[in-house]
Amino acid sequence: MTEVTGTPKSTRANFGFGLDQAGSHNARTMMLDELTSLFQCVSNPNSEKTDYAHAIIDENCLGKRSEKTRKITFRHLASLYGLDQSLVLFRVLRYFWERDEAGRAQLALLACYARDSILRATAPFILDLPVGTTIEREATEEFIESVMPERFSKATLKSTAQNINGTWTRSGHLQGRTRKQRTLVEATVGSISYALLLSYLSGYRGSALFHTPYIKF
């Protein structure tokens with residue numbers, strides 16, 4: 001039986017979902033390379049958020065040029081992924097990350113989607129494109145403006161569109177540089193399992209678990 005119970009916002013926030021209007025994609029992509037390097041530096045999956053902060057800011061494990069840049073990098077990674085074992089979303093991301101190397105880009109994308117409102121708002125534009133469709137940054141800009149009218153300046157709108165397209169390129173859903181083409185991504189066991197968990201935590205039950213935005217990835 002298909003059932004959607006709905007999970008209260010406060011509970012979803014405790015799980016690690018990002019429910020406010022903030023987002024990191026107006027400044028960064030999903031930072032897959034930085035996340036990969038960070039997990040290599042902080043190898044213990046049970047590490048605390050302070051351990052990630054120490055590795056990035058104090059030890060400069062990501063090789064940033066200044067303390068200011070290191071602090072900004074930590075802030076964006078924490079915004080995108082949580083970096084907090086008390087959050088189910090991050091704890092399970094780290095679990096599957098260690099066990100499904102082929103699915104890491106999709107796992108990271110799913111975590112960002114659950115936490116970043118800008119990525120969530122723009123996901124339908126990319127996911128609904130037929131495979132083989134070519135798009136340019138300007139088309140993404142137009143879509144962002146249509147769902148978030150007058151939220152961004154022209155400069156920020158441009159950088160946000162570039163970052164959104166960059167994230168979907170790193171995840172494998174797009175290919176190319178300026179003119180990007182929609183491609184098909186093969187799901188992995190880990191990414192499907194993570195998507196089902198995110199759907200369950202969002203309140204979906206029964207067969208509805210297989211018809212959620214997370215499963216579309």
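Which residues of H7 are buried? In this predicted model, in which residues are numbered from 1 along each chain as its sequence is written, local features need pLDDT of at least 70, side-chain atom pairs count only at pLDDT 80 or more, and totals for chains, interfaces and linings use all residues. Side-chain values use heavy atoms, with hydrogens and water left out.

The buried residues of H7 are Ser117, Ile118, Leu119, Thr122, Ala123, Phe125, Ile126 and Leu127. Buried means under 20% relative accessible area, exposed over 50%, and partly exposed in between (1.4 Å probe, protein chains only). Helices (H or I, at least four residues) and strands (E, at least two) are DSSP runs, numbered from the N terminus. Because 8 of its 11 residues are buried, H7 is largely enclosed by the rest of the structure. Its buried residues pack against H6, strand S2 (134-135), H8, H9, strand S3 (174-175) and strand S4 (180-182). Contact here means heavy atoms within 4.5 Å.

Two helix pairs involving H7 were examined. Two packed helices are described by the angle between their axes and the distance between the axes. Axes are lines fitted to C-alpha atoms, for helices over the stretch in contact, and angles run from 0 to 180 degrees between N-to-C directions. The axes of H7 (residues 117-127) and H8 (residues 137-147) come within 10 Å and cross at roughly 130°. H7 is therefore oblique to H8. Angles under 35 degrees count as roughly parallel, over 145 as roughly antiparallel, 65 to 115 as roughly perpendicular and the rest as oblique. The crossing of H7 past H8 is right-handed. A crossing is right-handed if the near helix is turned clockwise from the far one by less than a right angle, and left-handed if anticlockwise. H7 contributes Ala121, Thr122 and Phe125 to the contact, and H8 contributes Ala139, Thr140, Phe143, Ile144 and Val147. These residues comprise 6 nonpolar, 2 polar and no charged. Ala, Val, Leu, Ile, Met, Phe, Trp, Tyr, Cys and Pro count as nonpolar, Asp, Glu, Lys and Arg as charged, and the others, Gly among them, as polar.

For H7 and H9, the axes come within 11 Å and cross at roughly 65°. This crossing is right-handed. Ile118, Leu119, Thr122, Ala123, Ile126 and Leu127 of H7 meet Thr160, Ile164, Asn165, Thr167 and Trp168 of H9. The H7 contact with H9 has 7 nonpolar, 4 polar and no charged residues.

The largest nonpolar core has 59 residues, and those with the most contacts inside it are Leu38, Leu77, Tyr81, Leu83, Trp168 and Tyr194. Such a core is a set of buried Ala, Val, Leu, Ile, Met, Phe, Trp, Tyr and Cys residues joined through side-chain atoms within 4.5 Å. Elements giving two or more residues to this core include H7, helix H9 (154-170) and helix H10 (189-201). H6 gives the most, with 9 residues. Beyond four places in sequence, Leu38 touches Tyr52, Ala55, Ile56, Cys61, Leu62, Leu77 and Leu83.

Leu174 lies in strand S3. It is buried, at 1% relative accessible area. Its contacts, leaving aside neighbours within four places in sequence, include Ile126, Trp168 and Thr183. Thr183 sits in the loop between S4 and H10. Thr183 is also buried, at 9%. By contrast, Tyr200 of helix H10 is partly exposed, at 41% relative accessibility.
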